[in-house]
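Take a moment with the sequence and the fold below. The text that follows walks through the chain step by step.

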Amino acid sequence: MSHPMTRVLVMLELLQSHHRLGGAELARRLGVDERTVRRYATRLAELGIPVEAERGRYGGYRLMPGYKLPPLMLTGDEAVAVVLGLLAGRRLGLPGEAAESALAKVQRVLPAGLRDRVQALRETLEFTLEAREGTRPAADAVLTLAEATRERRRVRMRYRSWRGADSERELDPYGLVFHSGRWYVTGHDHRSGETRTFRVDRMLSVEPGTASFEPPADVDPVRHVLGSLASVPYAHEVEVVLEATLEDARDRVPPSIATLTATAGGVLLRTRAESLDGMARFLAGLDLPFTIRTPDELRGAVRDLAARLVARAGR
């Protein structure tokens, strides 16, 4: 609950469920000091929510008597859109348990008739999209990085690599990218002096700093993340020249699979592969003439694949 707006909303929930709460008690529950509680009360008032502050030894905070939050006014189409978005987000990798708790809150404030229809949708809807498993990033890390990116503010983070090594870094975040069920941030890493890509779920902590930065004019976070994924270390470095135009090659080869550059005779495809048999099948599926530069063992894998296909064709 470290994001300020999250604590403001929690304070509102506490005031709705209690007749009155003292400043010290609110501060304890929110994990802040009493001065911050006063600031949150002012913020709620600015949002049109009448919070009364009672002074004195036994003073505290309460909502104006008779005040209740209005029900969430959604049309049927809007409710379906919200529920579908949250259900899909849960499968794609929404941070933490945010999707489930948000669904519960949305249903709780819907009018009774619409709430029953939305529940029917939740109970009967099936997805062909498989649920994304694995570690999900903390919502606070995603929000902190988003704010720092927008405000061009450097962040400090503790990061755990895929090898399990911890490091402390300062990062100028250029952009957040969501790809294949995972959250990534790309930016200038002051530890290495390079533009790097980091998985947000591997961040042990992230805090906004005070230094500002100006991103490069040609920065493209999506392209950089996809290029970084294409260069993840595997057993074999592969270079193949495709006899095609750069535009045609890009239509057939996803940027997360390989990097493509124009070269004499076509397009140079660079990637790394864990299995040469799998790389042979990938190249065959492109349906393009190609010349293998490296590794030589890939030639044997292509020949073996061709022989298997010839044998099956002759059955």
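This is a predicted model: local features need pLDDT of at least 70, side-chain atom pairs count only at pLDDT 80 or more; totals for chains, interfaces and linings use all residues.

In which loop does Pro295 lie? Pro295 sits in the loop between strand E11 (290-294) and H11.

Now step back to the whole chain. Its secondary structure comes to 11 helices and 11 strands. The chain has 315 residues, and 33% of them are buried.

Two packed helices are described by the angle between their axes and the distance between the axes. Helix H1 (residues 4-17) packs on H3 at an angle of about 80°, and the axes are 10 Å apart. An angle of 65 to 115 degrees counts as roughly perpendicular, so H1 and H3 are roughly perpendicular to each other. H1 brings Pro4, Arg7, Val8, Met11, Leu12 and Leu15 to this contact. H3 answers with Val37, Tyr40, Ala41, Arg43 and Leu44. By class, the residues of the contact of H1 with H3 are nine nonpolar, no polar and two charged.

Helix H2 (residues 23-30) packs on helix H3 (residues 34-46) at about 95°, with the axes 9 Å apart. H2 and H3 are therefore roughly perpendicular too. Gly23, Ala24, Leu26, Ala27 and Leu30 make the contact from H2, while Glu34, Val37 and Tyr40 make it from H3. The residues of the contact of H2 with H3 divide into six nonpolar, one polar and one charged. Val37 and Tyr40 also belong to the contact of H3 with H1.

Next, look at Arg62 in strand E2 (residues 60-63). Which residues does Arg62 touch, leaving aside its neighbours within four places in sequence? They are Leu15, His19, Arg20, Pro50, Val51, Glu52 and Glu54. Glu52 is 10 residues from Arg62 in sequence, and their C-alpha atoms are 5.4 Å apart.

Turn now to the interior. In soluble globular proteins, nonpolar side chains tend to be buried together. The largest nonpolar core here has 21 residues. Val240, Leu242, Leu283 and Leu298 have the most contacts inside this core. Strand E8 (236-242), strand E10 (266-273), helix H10 (276-286) and helix H11 (297-313) each supply at least two of its residues. H10 gives the most, with five. Leu283 shows how the pieces meet. Beyond its neighbours within four places in sequence, Leu283 is in contact with Val240, Leu242, Phe290 and Leu298. Apart from this core lies another, of 18 residues, including Leu12, Val37, Ala41 and Tyr61.

Finish with two backbone details. Arg152 has a positive phi of about 55°, although it is not a glycine. Arg152 lies in the loop between helix H7 (139-151) and strand E3 (153-160). Is Arg152 buried, partly exposed or exposed? Its relative accessibility is 35%, so Arg152 counts as partly exposed. Asp287 also has a positive phi of about 55°, and Asp287 is not a glycine either. Asp287 lies in the loop between H10 and E11. With a relative accessible area of 64%, Asp287 is exposed.

Technical notes
Residues are numbered from 1 along each chain as its sequence is written. Side-chain values use heavy atoms; hydrogens and water are left out. Axes are lines fitted to C-alpha atoms, for helices over the stretch in contact, and angles run from 0 to 180 degrees between N-to-C directions. Helices (H or I, at least four residues) and strands (E, at least two) are DSSP runs, numbered from the N terminus. Angles under 35 degrees count as roughly parallel, over 145 as roughly antiparallel, 65 to 115 as roughly perpendicular and the rest as oblique. Contact means heavy atoms within 4.5 Å. Ala, Val, Leu, Ile, Met, Phe, Trp, Tyr, Cys and Pro count as nonpolar, Asp, Glu, Lys and Arg as charged, and the others, Gly among them, as polar. A nonpolar core is a set of buried Ala, Val, Leu, Ile, Met, Phe, Trp, Tyr and Cys residues joined through side-chain atoms within 4.5 Å. Buried means under 20% relative accessible area, exposed over 50%, partly exposed in between (1.4 Å probe, protein chains only).
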